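Here are my notes for a colleague who has not seen this structure before. Please read them with the model open.

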Amino acid sequence: MAIYAPKEFLDRDIRKLKGVGEKRAKLYAKLKISTYGDLLHHYPRGYLDYTETVNLMAQPIGSVVTVRAVVDSKSNPVRISGGRTISKVYCSSEDGGELELTYFNNRFAPQKLQIGQEYLFYGKLQGDLLRRQITNPVTVLPEETTGLTPQYPLTEGLSSRMLTTNIRTILNDPEFGMEESLPDEMISRYRLPSGEDAIRMIHFPADQEEIRQAKRRLVFEELLLLSLGMKLRKQRRRVISDNVFSCTDAGPFIRSLPFRLTDAQKRSVEEIAADLGKNEPMSRLLQGDVGSGKTVVAAAAVWMAWRSGFQSAVMVPTEVLASQHAETFRSFLEPFGISVGLLTGSVKGKPRTELLSQIARGGADLIVGTHALISEGVEYRRLGLVITDEQHRFGVNQRAALTQKGNLPHTLVMSATPIPRTLSLILYGDLELSVLDELPAGRKPIRTLLVDDSYRDRYLGFVRKTVSDGQQAYIVCPLVEDSEALADTMSATEYYEQLKKGPLSGIPVALVHGKMLSQEKAEVMERFRTGKIRVLVSTTVIEVGVDCPNATLMIIENAERFGLSTLHQLRGRVGRGALQSWCVLVSSNEGDTARERLKLLTETEDGFAIAREDLRMRGPGDFLGSRQHGLPNLTVADLADDERVLIAANDAADELIRNDPELSAHPVLKKNVEHLYEKTDATIN
Ligand code: ADP
Ligand code: MG
């Protein structure tokens, strides 16, 4: 049972370890190491590789190398300016080269070196053609190392060598032993080393292959625990509720629509309907690229709630989106006599009181709003369905707060961020999944161009032409104000002023950005949607969910400043109607990687492919922003890189849970899952 057994030994206080006193224990505490077990699970972040010693004279100056050399002579320390001392040691290398070692303020290291003895010196090569030189080299005796020396995450006062010594003491203790936490069958099926071997190999690898094997095991185990945690969470949410919807046939609603649902939409509505009819709350994720038509699927669910006598709530991240959604839902649902209320922070005073009492009385069948929906004082009469849109913007906790408003309501979360399948296994492993993998028919692909700003006259001409053809355009800039501006980066405010006076004079242009009051924003957006404004200059506030099918052109300035997924979301604001739409990415950034990156957008509209690339380039932390709440931190696994292991671990977790839903036959595994989640205040309940 890999990790925390035998309990008594691995749970021992680190101060009991030979060589660890109060002082070192305090330093360990800074690294959150307080027991033997903690120390063993403090893994190296990398290794110095002494297995490859080099031919000294053939190495270019400036390279970082390990050299095998014999000490010939030493100089006495000499005082130099600033009260410092300098000592020199002269060596000859295997290939007959001369190596000079220079030590600043370090008498001890050169003193320890024995004349005539061979050492491995590691460091950056300096010097000239005749004599090579290394300053303050890392030094080891050839027999002292396996060749690979671990480098640990440290804190001031601790060295990797100290950790190595302390870890070796633990591993050499006759009482040391680790029981295996993974079932034998799993170990052999996935050809994993045992937990104990993995720990030995990660700290004292014989070669690169051992590091690889150890990592594979540790990553597998970590992802397995993570995955098991999500599945337990899902399991535990399995409760009996009396929110069983009597109506699970959305037929009449679907027939009332002005368009035919796509097959993906139909399938999703059916999956949702099946959940709603159960006496167990639904937890479902509806994932679909921008423009795939998630809103109408949500409306179908709301319709079934209403027919079954329940209220619904739809929570969205911004006020602009809330008012727009309220409109959309009204257009779908009011013909049936369903009443839709809009609750945001800016609904105040009497209207708010009235709305709240309506909600409490059950006079409002659907309430659309921002997080105001979960604020205190909002009481629902019979909340049976909770929907959150653009869910990646909300934390798990906010989501939970809304479900607490009802009596175990069904929940549907919608996300347009196409999260690679592997990552969504983790992020949403506790949810059922419906995917809209198909766009409504008749959509023309958005044509995307990449240009530099020498084309400005041309693309602004394109804006004018679009407007004179009766359509509308967005112009997006990364920043609001000059003060934030980096050189060459266009601020929205400044650009807006320029455009209005010059290239777009005579055209109704407006500006919208995140620093405006929500009400102002909502008004501008509304005027754009109804066509009174023809060109909208904005920051990324329009990223989320705004729908104006008549807008067919989007210009994105300084496109290199945005993440690919953000650009893809932005671009999704056009191409919503039957007309050909265009997206012009403007980037004068010369850098090849920036251009390469942007070029991908001109080649594909597949949000998943784009997200995958984005994830690869930025890593999951950035990709998900700070909104990863509710997920434990991973110490070894890298969600972007360890895809194959992730899939294997997920399958293994599935099988375990299927045969043993509460992991009763695997108590240590279960305990380790809890431990992983506790460490980060994440919860599996
Ligand atoms: P998203 O998934 O990005 O939230 P929306 O729900 O806003 O997408 O839908 C985008 C647009 O497509 C809306 O104008 C919507 O009315 C329209 N739409 C949705 N489903 C269909 C369909 N099956 N056929 C035609 N248009 C559709
Ligand atoms: Mg949407």
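1. Start with the ligand at glycine 293. An oxygen atom of ligand 1 lies 3.1 Å from a polar backbone atom of glycine 293. Glycine 291 also takes part: one of its polar backbone atoms is 2.6 Å from an oxygen atom of ligand 1. Arginine 576 uses its side chain instead, with an N or O atom 3.0 Å from a ligand 1 oxygen. The protein covers 84% of the 570 Å² of accessible area that ligand 1 has on its own. A polar contact here is a pair of N or O atoms within 3.5 Å; within protein, one must be able to donate a hydrogen and the other to accept it, and residues adjacent in sequence count only if both atoms are side-chain atoms. Accessible areas come from the Shrake-Rupley method with a 1.4 Å probe, and for residues only the protein chains shown count as cover.

2. A word on the basis. This is a predicted model, in which local features need pLDDT of at least 70 and side-chain atom pairs count only at pLDDT 80 or more, while totals for chains, interfaces and linings use all residues. Residues are numbered from 1 along each chain as its sequence is written, chains are lettered from A and ligands numbered from 1 in the order in which they are written, and side-chain values use heavy atoms, with hydrogens and water left out.

3. What surrounds the ligand? The shell around ligand 1 has 16 residues, and the closest are Arg260, Gly291, Lys294, Thr295 and Arg443. A residue counts as near if one of its heavy atoms lies within 4 Å. By type, the shell divides into four nonpolar, six polar and six charged residues. Asp, Glu, Lys and Arg count as charged; Ala, Val, Leu, Ile, Met, Phe, Trp, Tyr, Cys and Pro as nonpolar; the others, Gly among them, as polar.

4. Look again at arginine 576. It is in the loop between helix H19 (564-571) and strand E23 (582-586). Helices (H or I, at least four residues) and strands (E, at least two) are DSSP runs, numbered from the N terminus. Is arginine 576 buried or exposed? Its relative accessibility is 17%, so it counts as buried. Buried means under 20% relative accessible area, exposed over 50%, and partly exposed in between (1.4 Å probe, protein chains only). A polar atom of its side chain lies 2.9 Å from the backbone oxygen of glycine 572. Serine 292 is 284 residues away along the chain, yet the C-alpha atoms of serine 292 and arginine 576 are separated by 9.5 Å.

5. Check two asparagines. Asparagine 105 has a positive phi of about 50 degrees although it is not a glycine. Its loop runs between strand E5 (98-104) and helix H4 (108-112). Asparagine 136, also not a glycine, has a positive phi of about 40 degrees. It lies in the loop between strand E8 (131-135) and strand E9 (138-140). Asparagine 136 is partly exposed, at 38% relative accessible area.

6. Serine 434 belongs to strand E17 (residues 432-436). It counts as buried because its relative accessibility is 1%. Serine 434 and glutamine 287 are 147 residues apart in sequence but 6.2 Å apart in space, C-alpha to C-alpha. Glycine 177 sits in the loop between helix H5 (160-172) and helix H6 (184-189). At 17% relative accessibility, it is buried too.
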